[in-house]
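Notebook open, structure loaded. I wanted to go through a few spots and jot down what turned up.

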Amino acid sequence: MYTDIVDLREFYESGLGQTAQRMIRRRIRNIWPDVRNQIVLGIGYTTPYLRPFIGEADRVAAVMPASQGVSFWPAEGPGMVALGDEADLPFGDNTIDRVLLVHGLEGTEQLRPMMREIWRVLAGGGRVLAVVPNRRGLWARADWTPFGHGFPYSSSQLKQVLRDTMFVPERTRHALFMPPLRSRVLQKSAPAWEEVGGRWFKAFAGVTMIEASKQIFAGVSRRAAHQPVKRRLIVPLPGGAAPAARITVLRNTITGTMTGNDPVDSSQPYPRT
């Protein structure tokens, strides 16, 4: 089940949530440093991470699952958020360039339908970036944060999910190495935790981030698909002749002559060898 929208908003308004937002947002921008002239879509609860793309991307939008709830965003200007079914996205085929998936994969009860919909709306050269709680990390055990709810993933598990739903994992990143505590001292030292953890303790990161591309299968030309299948003609021969003898009988039968110049009498059985 998804975390309720009220709990998500309260977390990201807290000091711990603001720190987590900055650390994850930094990694996202490292992966997607330039989204100019592209359409960016967020699925789940992605509004804390979409703001840097406003004004840079051609268009930014977010879809929040109905079982989670929705909140208006951004506070200024027209709304960019829609409440919808993650297994039935309100977009056309091949229309989205970037899909950001945060607080979505670990809570959905429609994993494959949701990933199939993402595959459908994603353009041929598009990318999906999945951000999920790391199974080995401390944040997956901190149920006072949204990362402590739902189903956490290891890097290998997340890659397998992407492969099974027709995506090709391209690169993996990790973030959120500081302990999930409300201590202000820890929050101020979060950049140092990220620096040390990113070098030596990647397996214990709070979240795993994998960027994947849309897998496009090779097509079959219409002409090749309608060509008749050539089958080998097999002519049964009577008797228990050896292979060489069977070939001789078959050749004589086709040419209309037996061994020598004798005509073939179709009323007589084939000679046995």
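This is a predicted model: local features need pLDDT of at least 70, side-chain atom pairs count only at pLDDT 80 or more; totals for chains, interfaces and linings use all residues.

**Entry 1: S213**

I looked up S213 and found it buried, at a relative accessible area of 9%; buried means under 20%, exposed over 50%, and partly exposed in between (1.4 Å probe, protein chains only). Residues are numbered from 1 along each chain as its sequence is written, and side-chain values use heavy atoms, with hydrogens and water left out.

S213 sits in strand β7. Helices (H or I, at least four residues) and strands (E, at least two) are DSSP runs, numbered from the N terminus. I checked the side chain of S213 and found a polar contact of 2.6 Å with that of E170. Polar contact here is a pair of N or O atoms within 3.5 Å; within protein, one must be able to donate a hydrogen and the other to accept it, and residues adjacent in sequence count only if both atoms are side-chain atoms. Leaving out residues up to four places away in sequence, S213 touches G126, R127, M166, F167, V168 and E170, with contact meaning heavy atoms within 4.5 Å.

**Entry 2: helix α5**

M166 turned up among those neighbours of S213, and I see that it comes just after α5 with a positive phi of about 70°. In α5 itself (residues 155-164), I have L158, V161 and L162 as buried. They lie on the same side of α5, because they cover an arc of only 95° around the axis; the arc is that of the directions from the helix axis to the C-beta atoms. What do the buried residues of α5 pack against? I get α4 (111-121), β5 (122-133), β6 (167-175) and β7 (207-214).

**Entry 3: V81**

V81 is in strand β3 (residues 81-84) and comes out partly exposed, at 21% relative accessible area. Beyond four places in sequence, I count T47, A62, M64, V70, S71 and W73 as its contacts. T47 is 34 residues from V81 along the chain, with 8.5 Å between their C-alpha atoms.

**Entry 4: confidence**

The chain mean is 84, and 79% of residues reach 70 or more. Strand β4 (residues 96-102) is highest at a mean of 97, and helix α9 (residues 243-255) lowest at 48. Residues 240-247 stay under 50, with six contacts beyond four places in sequence. Residues 257-273 are also below 50, and the model gives that stretch 17 contacts beyond near neighbours in sequence.

Note on methods:
pLDDT is the predictor's confidence in each residue, from 0 to 100.
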